[in-house]
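Please examine the sequence and the three-dimensional model shown here. The paragraphs that follow lead through it step by step.

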Amino acid sequence: MNKLINRSSFLTLVLLFVFQSCSSSNDAADDTPVVVVPSNLTVKVDVVGKTTEKPNGDGSGKINLTITSKDATSYTVKINNEVIELKTGQLAYEFTQPGNKNYKIEVTAFNGIKYAYTSSNVDIFVARKIIWSDEFNVDGAPDTTKWDYNTGTGDGWGNNELQYYTTRPENVIIQNGTLRIKAIKEEYMGSHYTSTRMLTRGKFSFKYGRAEVRAKLPVGGGTWPAFWLLGDNLDTVGWPACGEIDILESVGNNPDVIHSSLHSPGRSGNTPDTKTTKATNTATEFHIYAAEWDAENIKFYVDDNLFYTYKNSPTTPFNAKFFVILNFAMGGNFGGAVDPNFTSAVYEVDYVRVYN
């Protein structure tokens, strides 16, 4: 009897051990998170203002994305060369490049290390609209909410220029609906000429779009008016790493010849990235000087006549924000010799406009 009891007790202990071991194993398995691949991934694209008459939208360039997926915890959207991380499946996005274009939308749904992917395409129309401008309609000093100044000689501003830049009304003033930047032959702070250099740095900058100026150019040997863009990161990377886009340069020693150029690392100073075109009566008639800039190209125009296309790429500095500069230099490496009979000249600007 005792042997039977002992055997029975031993069997019971074995069974309890096996049961507890299995139970512990099952409990451990239950504690391990199960990562499931997201499924049923769908993307709904609503084009704002889309109608039968306007199948590509109302020109705002806006879309709304609704993304759904079973078991997804986050999403990544790649659109128009941008990557956007989302915790929810809602995204409002605005395209800015004018015209009708087809864009690919790539969506990845994640659940931990598991993911699902889908893509779709959308046709979008973006109307050209002004995102910044100065029409120079108020007489007096330029608008300080839009413009700042570089003053002084700037050690020749890197070009051995001769002028001293000021903010005086003698050199810069708005009158009768135009901005007048006047270069004057005079003795001032050790320089023989004065003028003005104004810029939107710290007040406005943009990435991609169209920048244009409507202007009359000054007369006289040694004059050098310009309308151009510089990279916002000038202080951190310096020039030419910041990039420079010269939309308009002209010199009085070679009147009616318009220069458009780009400066970048290894292609600065006497840059090979430059073209010229002729315009008539630039000192007596207003002309529009413009550049249209995107990730693929920078195109230069006079009165909407295209004369130079620069092929942009991800390796150039021309894929970041730039600010606007208007200036009127005298002499220097590009302006050349100043006519000894020069007394003064005016760079007259009707407006500056920047479009999306």
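The structure holds 18 aromatic pairs; rings of Phe, Tyr and Trp (its six-membered ring) pair if their centres lie within 6.5 Å, and planes under 30 degrees apart count as stacked, over 60 as edge-to-face and the rest as tilted. The pair of Phe204 and Phe206 is stacked, because the ring centres are 5.8 Å apart and the planes stand at 15°. By contrast, Tyr310 and Phe318 are edge-to-face, with 5.7 Å from centre to centre and 90° between the planes. Ring pairs also link residues into a cluster, which includes Trp132, Phe136, Phe204, Phe206, Tyr310 and Phe318.

This is a predicted model, in which local features need pLDDT of at least 70 and side-chain atom pairs count only at pLDDT 80 or more, while totals for chains, interfaces and linings use all residues. Residues are numbered from 1 along each chain as its sequence is written, and side-chain values use heavy atoms, leaving out hydrogens and water.

How accessible are these rings? A residue is buried under 20% relative accessible area, exposed over 50% and partly exposed in between (1.4 Å probe, protein chains only). Phe204 is buried, with a relative accessible area of 12%, and Phe206 is buried at 3%. Tyr310 and Phe318 are buried as well.

Buried residues can also form a nonpolar core, a set of buried Ala, Val, Leu, Ile, Met, Phe, Trp, Tyr and Cys residues joined through side-chain atoms within 4.5 Å. The largest such core has 47 residues, and Ile245 is one of those with the most contacts inside it. Apart from this core lies another, of 21 residues, among them Val47, Leu65, Ile79 and Val122.

Strands are DSSP runs (E, at least two residues), numbered from the N terminus, and two strands pair if DSSP finds at least two bridges between them. Five bridges join strand S3 (residues 74–79) to S4 in antiparallel fashion, and the partner of Ile79 in S4 is Glu82. These strands belong to an open sheet of four with the order S4-S3-S6-S7 and antiparallel pairing. Strand S4 (82–86) and strand S7 (114–126) are its edges, each pairing on one side only.

Finally, consider Thr42, which lies in strand S1 (residues 39–47). At 41% relative accessibility, Thr42 counts as partly exposed. A polar contact of 2.5 Å joins its side chain to that of Thr68; such a contact is a pair of N or O atoms within 3.5 Å, and within protein one must be able to donate a hydrogen and the other to accept it, with residues adjacent in sequence counting only if both atoms are side-chain atoms.
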